[in-house]
Amino acid sequence: MIALSVFAAACGFFAAASVGLWLKRKLIRKASFYEGYYDYLLFAYEKISYERMPIGELNAQYLLRKNGEFSSYLKGETTKGFLSDGQLAEVKEYLDGIGTTDADTQIASLASKCSELKRFTETECTKYRKDGALYFKLSVLVGVAILILLA
Amino acid sequence: MPKDLLSYPLFRDLPKRVTEIRVRKGGRLCYLTPLSRFSTEHLVTDAEFADLLSFVTDRSLYALTEKLTNGYLPLKGGVRVGVAGEGVANGESIKTVKHVTSLAIRIPHQIFGVADFLGIDGYFNQNVLIISPPAGGKTTLLREIAHTLSDRGKNVVVLDERGEISGAGEGVFAMNVGENTDVLFGFPKKQAYENALRAMNPDYIVTDELSGTGDVEGVLRAYYGGVKVAATLHGEDIDVFHGVFAPLDKVFDRIVLLSKSPVVGTVKREVRR
């Protein structure tokens, strides 16, 4: 009976900790994605402003020098699990719009989007990371509570 | 038709010998072959037009802004896409074109031997001018003249501002313009004449669509410098040497007038002077 209680308590602890870990990873991936997105748009802004580099070449160069969640997205790998459909659609819509306007309009649009994303990464991404760490700690605490109650 | 364009969904059912495709937002898809003009039943939607524009610009319209202001986009293989839309003016000049509504895609063809009717003595050591209305076959004939002269040992310099004669793009030529041919691709005409005459030691300068004082000055410089010229000019008749082109009257020894009917490239008249 005691062994069963200890086993159930351990399972409860690991389940709670796993949920916390999953939440933390999800939020860190989300933060990493948006930081990569900002980095990519900064790169695009530079390359388009000074070199008028075509988008295909620009993407290839970016992927050569950067890895991470956003690079995986650019390669067409799945981003399910940490971005909502709405967030994905918003990113896709902006990226699809690159290359459809003249140089001046494109550069102005990128500059504006970079400013917006800079603010976003400074506030929201920091929050995602903090929240991730908090959720993990809380879930470990819940796990410990389960452990104490059941053991 | 170049492979890339051939595989584009909107053009998949077009015949291989198409020479021009007309795409208008909301309009019928039309195309030309050497024999006739055809209008399909397909109405081009806004989404299809946007996708095509993205395709022809390689999703990088911003990289082609300067070209766009000249009214065309150069594609690989010498394909030229004429663009119509709303011009954004900056003083006297056009800064860019927005809200593009029409594309005229012109596809070059190489027809070996198409200049044979002239006889090689018809243009060997002579200044040749080819005249026709737009899409009359001028460039095809000019390309073959360049090819023949070059393969017979003449140093030919092609002034190919838009890459239509040689099909130039990324250092590769889609058309055969001869083994002794040098191509100045992408150079503004005035600069191209200067560079060709100063640095390339040409026997022949080959240039498409004479269009203004820059061309006239360039041709005259070549003429007085002892370099032969083969060129094309838009026109309906051989009486083209007036206005800005008046000084060229004395230059050309051989004039070929082409017509679009009954088929593109029909020789309407040929004059030795």
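Select domain 1 of chain B and then domain 2 of chain B: their C-alpha centres are 26 Å apart. Colour residues 3-106 as domain 1 and 116-272 as domain 2; such bounds come from an automatic or database domain assignment. Before you go on, know that this is a predicted model, where local features need pLDDT of at least 70 and side-chain atom pairs need 80 or more, while totals for chains, interfaces and linings use all residues. Residues are numbered from 1 along each chain as its sequence is written, chains are lettered from A and ligands numbered from 1 in the order written, and side-chain values use heavy atoms, with hydrogens and water left out.

Now show where the two domains meet. Ten residues of domain 1 of chain B contact 13 residues of domain 2 of chain B (contact: heavy atoms within 4.5 Å). About 1,000 Å² is buried between these domains, with 51% of it from carbon and sulfur atoms (buried area: accessible area, 1.4 Å probe, that two parts lose on being put together, summed over both).

Which residue forms a salt bridge with B:Glu164? Pick B:Arg80: its closest N and O atoms to B:Glu164 are 3.3 Å apart (the rule wants a side-chain nitrogen of Lys or Arg within 4 Å of a carboxyl oxygen of Asp or Glu). The rule finds one salt bridge across this domain interface.

Next, bring up chain A against chain B. Here 16 residues from chain A and eleven residues from chain B take part in the contact. The buried area is about 1,100 Å², and carbon and sulfur atoms give 53% of it. Select A:Arg52, A:Ile55 and A:Asp102, which supply 40% of the area that chain A buries against chain B, more than any other three residues.

How many salt bridges are there between chain A and chain B? The count is zero. What you can look for instead is seven residue pairs in polar contact, both residues at pLDDT 80 or more (N or O atoms within 3.5 Å; within protein, one must be able to donate a hydrogen and the other to accept it, and residues adjacent in sequence count only if both atoms are side-chain atoms).
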